Amino acid sequence: MAPTAEDGEPSVRQAAPAVTAPSGRSSLAGAVAPGGRMPRWLPRAMVLALALIAAFQLGSWAFHQLTGLLINILIAFFLALAVEPAVSRMAARGIRRGLATFLVFFGLTVVIAGFVTLLGSMLAGQIIKMVEGFPEYLDSLINWTNHTFHTELKRVDIQEGLLHSDWLRKYVQNSAAGVLDVSTQVLGGLFQLLTVGLFSFYFAADGPRLRRGLCSVLPPARQAEVLRAWEIAVDKTGGYLYSRGLMALISGIAHYILLEIMGVPYAPVLGVWVGLVSQFIPTIGTYLAGALPMLIAFTVDPWYAVWVLGFVVIYQQFENYMLQPKLTAKTVDIHPAVAFGSVIAGTALLGAVGALIAIPAVATLQAFLGAYVKRYAVTDDPRVHGHRSRTPSGPGALTRARRLLLARRSGGRAGS
């Protein structure tokens, strides 16, 4: 008997259609484990992604914390490259490399310390002289103002106004509060100078050992390339500094002669100042260096400052077009626009340090790339030499018009 429902009608049982899984699983089905469980590879992938993010954050934090140290090491490396030729010459004559490096750095320290001492004494003497002569300068300024603008100013009233002004009181308070910051900056600068000196000494003294250690982890073909790049960097950096030093000597002697003729005090120190600053701060260094001699010359005679400014401008043109191309042609042969752009880029990246090392770094890169860039012979075209190829438009137009007229006439005669 067939089973019936409660209402007596036969019960119709419908079998659910069997769903057969396709033989090929889709990518989405493959990502989900049977039974809705998490795939085995997903926890490991998540842990690996989190580990990579943590490593990136840690590396970024460490890089920002060590930026100062990395900059000091970069300065020390370029300084070691600069003294490498002198140290190598002394080592070739039988002097131990460590002793040769010490002698070179000791000589540089003595020269820099002597220059800073002379410059400091000169500035201190000039400041004392200006403070002592301030009442005379003030009286002359007041007399000129009263005579020109018909006023009745008095020095006593001006001094009392300055002493009781809020600006002077705030300036003194800020200066007293900033003494600690200045002391901290001075100590930090001395520590950085010591760090740069130690690293540069080790780089210069252990240069061969450093090169051997670097080449020991590279295949022979790469070793030759690294040594070639190192040699180019030594040549360009040393050549840059030595050529700049020679131009600084010439510039210092020229400005010293001018200042000595005019009777400006501290002429030797001012000559050294102009020579160093004008050469090691490219493009605008000459004008920055000439500001101090102009100021000192102004205290002697205002017209002397004008003469110093004129001499600085004329000497800058002589140096740019006559002296510098001959001295730097074999050492740092880069275009002035490239040098100026590299200084701007170096200043934006590393500040004053970037401005100092930008030119030797760009010269090294240019020389290294020049050894591998294939060059071709330039075609003999007037435009290459800056001459435009002139094709006169008048005769050409007349010639074309005549040819067109003759063609029409010949065509008309043929048709007739």
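## The largest cavity

Helix 3 contributes four residues to the lining of the largest cavity, the most of any element. In this predicted model, a search of the whole structure turns up one cavity of 30 Å³ or more. The space inside the largest cavity comes to about 50 Å³.

Its lining consists of Phe77, Ala80, Leu81, Glu84, Phe203, Ala204, Gly207, Arg211 and Trp230. At least two lining residues come from each of helix 3, helix 8 and helix 9 (207–215). Six of the lining residues are nonpolar, one is polar and two are charged.

## The largest pocket

The volume of the largest pocket is about 2,100 Å³. It is lined by 50 residues, and those closest to its centre are Leu79, Leu108, Ile112, Phe280 and Leu356. The lining has 42 nonpolar and eight polar residues, with no charged ones.

Helix 4 provides the largest share of this lining, 11 residues. The helices that each supply at least two lining residues are helix 3 (67–92), helix 4 (97–132), helix 8 (179–205), helix 10 (220–262), helix 11 (267–280) and helix 15 (352–370).

## A nonpolar surface patch

On the surface, Leu246, Leu249, Ile250, Ile253, Tyr256, Ile257 and Ile261 make up a nonpolar patch. Together these residues have about 630 Å² of accessible area.

Tyr256, one of the patch residues, is located in helix 10. Tyr256 counts as partly exposed because its relative accessibility is 33%, and partly exposed covers the range between under 20% for buried and over 50% for exposed.

Technical notes: Residues numbered from 1 in each chain as written. Predicted model: local features only at pLDDT ≥ 70, side-chain atom pairs only at ≥ 80, totals over all residues. Heavy atoms only, no water. 1 Å grid on protein atoms, 1.4 Å probe; cavity = no way out; pocket = protein on both sides within 12 Å on 5 of 7 lines; lining within 4 Å. Points joined across faces, edges and corners; volume = space filled by probe spheres on them. Nonpolar A, V, L, I, M, F, W, Y, C, P; charged D, E, K, R; others polar. Patch = residues over 30% accessible without salt bridge, like charges linked within 9 Å, V, L, I, M, F, W, Y side chains within 5 Å. Areas by Shrake-Rupley, 256 points an atom, 1.4 Å probe, with all protein chains shown as cover. Salt bridge = Lys/Arg side-chain N within 4 Å of Asp/Glu carboxyl O. Buried < 20%, exposed > 50% of the residue type's maximum accessible area, 1.4 Å probe, protein only.
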